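Biologist: I am new to this structure and would like to understand how its descriptions are reached. Could we look at it together?

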Amino acid sequence: WPTGPKLKHFVDRANEQLDHLASVLESEGATVRRPDRSLIQMNTKTSSPDWECPNQYCVVCPRDVVMTVGSEIVEATMSKRSRYWEFRPFRPLIRDYFDRDPY
């Protein structure tokens with residue numbers, strides 16, 4: 001399990017691949033929404049009252065954090081400390097879906 005800050009060239013390449021995937025999906029008529037990266041600081045120490053971790057791991061696997069079941073969104077907590085706050089960038093999206101739900 002990698003620790004520490006990610007190398008810039010890996011981050012840049014991953015962002016290029018995500019941008020390409022988003023453009024392919026949009027070209028097929030899909031709406032692409034992304035998590036709010038400002039809500040998590042990846043390369044800074046993070047902690048709770050009970051533990052601390054030198055940095056966050058990533059926010060690239062939404063399937064690990066949230067899933068939909070019918071019209072419900074289920075949010076999972078992450079047991080790995082470096083991924084503990086990973087749900088935060090998805091909260092604005094979840095809140096928007098909640099607010100727009102007609103039921």
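Biologist: What pattern does the chain follow when read along the sequence?

Modeller: In this model, which is predicted, the chain follows the pattern α-β-β-α-β-β-α along the sequence, and it has three helices and four strands.

Biologist: Where is the place of Gln56 among these elements?

Modeller: Gln56 is in the loop between β2 (52-53) and α2 (62-65).

Biologist: Why is Gln56 called buried?

Modeller: Buried means under 20% relative accessible area, and Gln56 has 2% relative accessibility, so Gln56 counts as buried. For the chain, buried residues make up 22% of the 103 residues.

Biologist: Which residues does Gln56 touch, not counting residues up to four places away in sequence?

Modeller: With that exclusion, Gln56 touches Ile40, Gln41, Met42, Thr44 and Thr46, and also Arg81, Ser82, Arg83, Tyr84, Trp85 and Glu86.

Biologist: How many positive and negative side chains does the chain have, and where do the centres of the two sets lie?

Modeller: There are 15 positive and 15 negative side chains in the chain, with the centres of the two sets 5 Å apart.

Notes:
Residues numbered from 1 in each chain as written. Predicted model: local features only at pLDDT ≥ 70, side-chain atom pairs only at ≥ 80, totals over all residues. Heavy atoms only, no water. Helix = DSSP H or I, 4+ residues; strand = E, 2+ residues; numbered from the N terminus. Buried < 20%, exposed > 50% of the residue type's maximum accessible area, 1.4 Å probe, protein only. Contact = heavy atoms within 4.5 Å. Lys, Arg positive; Asp, Glu negative; His and termini not counted. Charge placed at Lys NZ, Arg CZ, Asp CG, Glu CD.
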